[in-house]
Amino acid sequence: MKFKILFCLIVQLFISSCKSDGDLVFHDSFEFYDIGTAPLGPWSTAGNGLVKVDTTKSHSGKQSVYFESGEGFANRAFLRLEGTPLFPFMYNRITGSFYIWLEEASPDGIHWTMVQGTGPVRDQDYSSEVRYGGQHNKKLMANYDTQRKKSDCWQHSATGIPEKEWVKIGWQFDGNNQLMKFWLNDELIEDLTVIGKGQGCVSDDLDEKWVFPVFEELMIGWVDYQTGGGTRRFWIDDVMFYQ
């Protein structure tokens, strides 16, 4: 309880709500940042893409964060959280949500990610990345990849990512149970639930197992891993985390 109260005090400049009942521990509506620059406070950015606070669209209040990502990994556009006071998450489980207004998703065949949790795998010499994004015909996908081991695994969904409207993206990365779940507008997308193993992998260094990390970093935004997909333009608002 002392930690929770201290957490609320530390981040009061950028948090618009912090419940005492332990459910919602982080809520950033981006109302208190300078317009035209990337958010400060707990956030940093990753990639060569554009990330800035903007008033063109918002889910709540008057401000949100505008992103432009380009073709290929280098031109990704992400907001990143790492370190204290948010990490480590209790039980190594990240449950979060945000609202996104996406102009147009990546075209068919372009693999993309919009939320990713990363960290070292306990008692191993490699790290892993747990992701939600998509690839085929703008349909959603769960994805798992590793550094210093070869994997790159997938589980495809029949559900597409909505465009040109505010939608709520929710997810849970449960590292201790090798479990991930995804919600769209508070509806569980069941074919994106993965427990230990998905539909397949590019490489088999881990026998197609999805071995989750001890989470040390979380990123939200967009990356197209291939070229040829053009530019992604979108807004994110009301980022929340729960315990």
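Strands β7 (residues 112–120) and β8 (residues 127–134) run antiparallel and are joined by 8 bridges. Strands here are DSSP runs of E with at least two residues, numbered from the N terminus, and two strands pair if DSSP finds at least two bridges between them. This is a predicted model, in which local features need pLDDT of at least 70 and side-chain atom pairs count only at pLDDT 80 or more, while totals for chains, interfaces and linings use all residues. Residues are numbered from 1 along each chain as its sequence is written, and side-chain values use heavy atoms, with hydrogens and water left out.

**The open sheet**

- Strands of a sheet pair through backbone hydrogen bonds, either parallel or antiparallel.
- An open sheet is formed by 8 strands in the order β2-β5-β16-β7-β8-β9-β10-β15, with antiparallel pairing.
- Its edge strands are β2 (44–46) and β15 (200–201), each of which pairs on one side only.

**Strand β6 and its partners**

- Of the 10 residues in strand β6 (residues 93–102), 9 are buried; buried means under 20% relative accessible area, exposed means over 50%, and partly exposed lies in between (1.4 Å probe, protein chains only).
- Strand β6 is joined by 9 bridges to strand β11 (residues 166–174), and the two run antiparallel.
- Strand β6 also has 7 bridges to strand β17 (residues 232–242), again in an antiparallel arrangement.
- Tyr99 has a bridge partner in each of these strands: Lys168 in β11 and Asp237 in β17.

**Ile169 in strand β11**

- Ile169 is located in strand β11 and counts as buried, at 0% relative accessibility.
- Contact means heavy atoms within 4.5 Å; leaving aside residues up to four places away in sequence, Ile169 touches several residues, among them Gly96, Ser97, Phe98, Met114 and Trp183.
- The C-alpha atoms of Ile169 and Gly109 are separated by 22 Å, and the two residues are 60 residues apart along the chain.

**The disulfide**

- A disulfide is a covalent bond between the sulfur atoms of two cysteines.
- With the criterion of a pair of cysteine sulfur atoms within 2.5 Å, the count comes to 1 disulfide.
- Cys153 and Cys201 form this disulfide, with their sulfur atoms 2.0 Å apart.
- Cys153 lies in strand β10 (residues 153–160) and Cys201 in strand β15, so the pair ties together parts that are 48 residues apart in sequence.
- The torsion about the S-S bond of Cys153 and Cys201 is about 100 degrees, and the disulfide is therefore right-handed.
- Cys153 is buried, with a relative accessible area of 1%, and Cys201 counts as buried at 11% relative accessibility.

**Aromatic rings and charges**

- Rings of Phe, Tyr and Trp (its six-membered ring) pair if their centres lie within 6.5 Å; planes under 30 degrees apart count as stacked, over 60 as edge-to-face and the rest as tilted.
- By this rule there are 19 aromatic pairs.
- One of them is the tilted pair of Phe30 and Tyr33, at 6.0 Å centre to centre with 40 degrees between the planes; both residues are buried.
- Trp222 and Phe234 also form a tilted pair, at 5.8 Å centre to centre with 50 degrees between the planes.
- Trp222 lies in strand β16 (residues 217–224) and Phe234 in strand β17, so this pair ties together parts that are 12 residues apart in sequence.
- A charge sits over a ring if NZ of Lys or CZ of Arg is within 6 Å of the ring centre and within 35 degrees of the ring normal.
- Lys57 lies over the face of Trp235, 5.3 Å from the ring centre, and the charged end of Arg76 sits over the ring of Phe73, 4.0 Å from its centre.

Methods: Helices (H or I, at least four residues) and strands (E, at least two) are DSSP runs, numbered from the N terminus.
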